[in-house]
Amino acid sequence: MKKIVFSILCFVLFSNYGLSHGDLDQRIIAATSEINEDPDNAPLYFKRGKLYFQHQEYKNSVLDLIVAEAKGFKEAELFLFTSKSYFGLNDLDNAEQALRKFYTIDSQHIVAHKLEAQIEVARGNFHKSALLFEFVINHANVTLPENYIDAASSWLATKSQDGLDKAITILKRGLSDIGPLYTLNLKIIDSYVEYKSYENAIEHLELIIPSRKRKESSYYKLYQLYSLQGNETSANLCLKNAMKSWKMLPQRVKKNSAMIALHDSIQNKLTATL
């Protein structure tokens, strides 16, 4: 499980580099030629270390960044990339150590605090990671829904009632700060379900269904929640509403593979109730 979580964290942290591997290969070759011509040039090692990082060659990235530092390159970005590269290698202690060096230069950097939060998630220190994600929310210039979801996920991972309460609080704050995003509402519902608080999950879903333009998936989810609660009467009513909403979809939407699968699921459940 920890390996799966760590892989997801790496994808989230490192997936925002748009260069293709072919482009990066050529730039790494070019940087290597420059280093061969000027082997004492610290910024060149930093340049190639960043390219290796973007190429997901984290070991080579670390080696170049260490050389750059040893040759006198001390800019903050070096320590941030060193930390990211160590994190890519799942070397959490060295990742944290590099971050500490970065913080001596810039203690408020949002990307660094988000990286630290992800390091703590990988360690299983969910209370600490939740507080760090909340720091990101409180200090970021751009309000992103994933920051609220990350904080909520960490609170939920504490496996406590207090964790659930804090997860719901931060998600509702997200709704207030950003607006009624379905992803945030869905996370609230799923959070309640994770803690088997089905009544609260149903209450929240019923609250948002009227504002949904398309209701077929929401009614089907409501059917699932009532089923988990053991309320067959309400579950069957939601199933009928789901089919009714599905039939109102435009033909082009009905032909979507996901909608075909939803229709089949609804129909199978309806047939089973007869």
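Here are some questions and answers about this predicted model.

Residues are numbered from 1 along each chain as its sequence is written, and side-chain values use heavy atoms, leaving out hydrogens and water. Because the model is predicted, local features need pLDDT of at least 70 and side-chain atom pairs count only at pLDDT 80 or more, while totals for chains, interfaces and linings use all residues.

Reader: Which residues of H16 are buried, and how wide an arc do they cover?
Author: Buried means under 20% relative accessible area, exposed means over 50%, and partly exposed lies in between (1.4 Å probe, protein chains only). In H16, the buried residues are Met259, Leu262, Ile266 and Leu270. They sit on the same side of H16, because their arc around the axis (taken from the directions from the helix axis to the C-beta atoms) is only 65 degrees.

Reader: Which residues does Ile266 touch?
Author: Ile266 is among the residues that touch the most other members in the largest nonpolar core, which has 44 residues. Such a core is a set of buried Ala, Val, Leu, Ile, Met, Phe, Trp, Tyr and Cys residues joined through side-chain atoms within 4.5 Å. Counting contacts as heavy atoms within 4.5 Å and leaving out residues up to four places away in sequence, Ile266 touches Tyr220, Leu239, Ala242 and Met243.

Reader: How far is Lys187 from the nearest side chain of opposite charge?
Author: Lys187 is in helix H11 (residues 182–194). Lys and Arg count as positive and Asp and Glu as negative, with His and the chain ends not counted. A salt bridge needs a side-chain nitrogen of Lys or Arg within 4 Å of a carboxyl oxygen of Asp or Glu. Lys187 is buried and has no salt bridge, and its nearest side chain of opposite charge, Glu194, is away by 5.5 Å.

Reader: Which residue forms a salt bridge with Lys101?
Author: Lys101 lies in helix H6 (residues 92–103) and its partner in helix H4 (residues 58–70), so the pair ties together parts that are 32 residues apart in sequence. The closest N and O atoms are 3.1 Å apart, and the partner is Glu69.

Note on methods: Helix = DSSP H or I, 4+ residues; strand = E, 2+ residues; numbered from the N terminus.
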